[in-house]
Amino acid sequence: MTDLLEKHRHLAERHKAMLQMGADAVGLPMERILSPTRALIGGRETILAGTNNYMGITFDPDCIEAGKRALDEYGTGTTGSRIANGTYEIHRELEREIASFLGREHCMVFTTGYQANLGMIAGLAGPQDTIFLDADSHSSIYDGCALSGAKLVRFRHNDAADLDKRLSRMGEETGGRLVVLEGIYSMMGDRAPLAEFIEVKRKHGFTLLVDEAHSFGVLGENGRGLAEEAGLEDEVDFVAGTFSKSVGSIGGFGAGNHPLFEALRYATRAYMFTASPSPSTIATSTAAIRKLRAEPERRERLRRNSARLHEGFEALGLKIASRQVSPVIAVQCADEPSTIGMWNALLNAGVYVNIALPPGTPGRTCLLRCSVSAAHTDEDIDTIIALFGKVVGGEAKAELAAGG
């Protein structure tokens, strides 16, 4: 009999090798979360620089109070899907809040951000359609494409000319065309050149979905994402996003103006066949989005902190994955063993960052990825820079000295 798990042996051996080098970089337990930027790890207070808590909103008193009140008024969970018993008035309230925030007519809330991409993509495209996606798209986008049954065409990352070429090859092929882009790409921190893609849209005509998971709350004067920053919101047909970054909660959404948008509620498996978000999650998300609207100073602090860290890493001569400044700042490393070693050294020195290894990274790159928060102080940022200079900068100099 074939052992079904045998195909994963290489993953188990790779993880074992990681543990022999130190802590579990892909499952590190945090004993206690002290603040949006501090946690107790291994009994030591550690700076969090890899949590996607962009607005530093997870300990906001108003958000916490909203969650507690929802627990008292609605209980711990809904015990059902949105199309059964799982739609409470607060779910509808959150959908109206997001639609208003984005200036869209319709919004659907999903239980996770992953499901939002699954649901929106598989709801929009079917087996008769073609989806064009950026080669560096998030796994949730790839999985949504697979679930849809649509024909898939990949184009080179952030390359509008390559998309143009591939659309031109389609000829008279029937069916709809969906193009999926991301506001900020999660691994490298770069943005889609939206204006260039819109020119291709005007030439060929297609439906455009932008995943603003990492740019919602972050980019644009009002935090509506890349489309707002680029002044092209009217050109984007559908928006997807998550609550697990700037909103500091869990869940996701899809939004748009199409008159048949509401039909997606009855055609989207990721929405129909899962329990709806818990009341406390919905309440904290609603409170957080109102904070994003009312407190633009959070965005300004985030931009300042991101620029400070980016400039500090540049001054150290580190190999930063993107020249564009965003809250995602990834440092490219030589190989997997040295990346794991530097990740452990940073943790032991008092800073937690994300580790990103192939095959989950573009071009099989090894990354130490920072995500900046509005709640970081100047001293936090300077400490992160200093520790990277000592650990990563020192490693890079050693490689150069060795002729690597």
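From which domains does the lining of the largest pocket draw at least three residues each? The legends below take up this question and then turn to other close-up views. The model is a predicted one, in which local features need pLDDT of at least 70 and side-chain atom pairs count only at pLDDT 80 or more, while totals for chains, interfaces and linings use all residues. Residues are numbered from 1 along each chain as its sequence is written, and side-chain values use heavy atoms, with hydrogens and water left out.

**View 1. The largest pocket and its lining.** Domain 1 (18–48 + 296–403) and domain 2 (61–294) each give at least three residues to the lining of the largest pocket, the domain bounds being taken from an automatic or database domain assignment. A pocket here is an open set of points on a 1 Å grid over the protein atoms alone, where a 1.4 Å probe fits and protein lies on both sides within 12 Å along at least five of seven lines, and lining residues have an atom within 4 Å of a point. The lining consists of 34 residues, of which H138, S139, S186, M187 and G360 lie nearest the centre of the pocket. By class, 12 of the lining residues are nonpolar, 15 are polar and 7 are charged, where Asp, Glu, Lys and Arg count as charged, Ala, Val, Leu, Ile, Met, Phe, Trp, Tyr, Cys and Pro as nonpolar, and the others, Gly among them, as polar.

**View 2. The contact between the two domains.** The C-alpha centres of domain 1 and domain 2 lie 28 Å apart. The contact, which means heavy atoms within 4.5 Å, takes 22 residues from domain 1 and 20 residues from domain 2. Across this interface the rule finds 0 salt bridges, a salt bridge being a side-chain nitrogen of Lys or Arg within 4 Å of a carboxyl oxygen of Asp or Glu.

View 3. R38 forms a salt bridge with D380, and the closest N and O atoms of the pair are 2.8 Å apart.

**View 4. A cis peptide bond in a loop.** P358 and P359 are joined by a cis peptide bond with an omega of about 10 degrees. P359 lies in the loop between strand 13 and strand 14 (366–371).

How values were computed. Helices (H or I, at least four residues) and strands (E, at least two) are DSSP runs, numbered from the N terminus.
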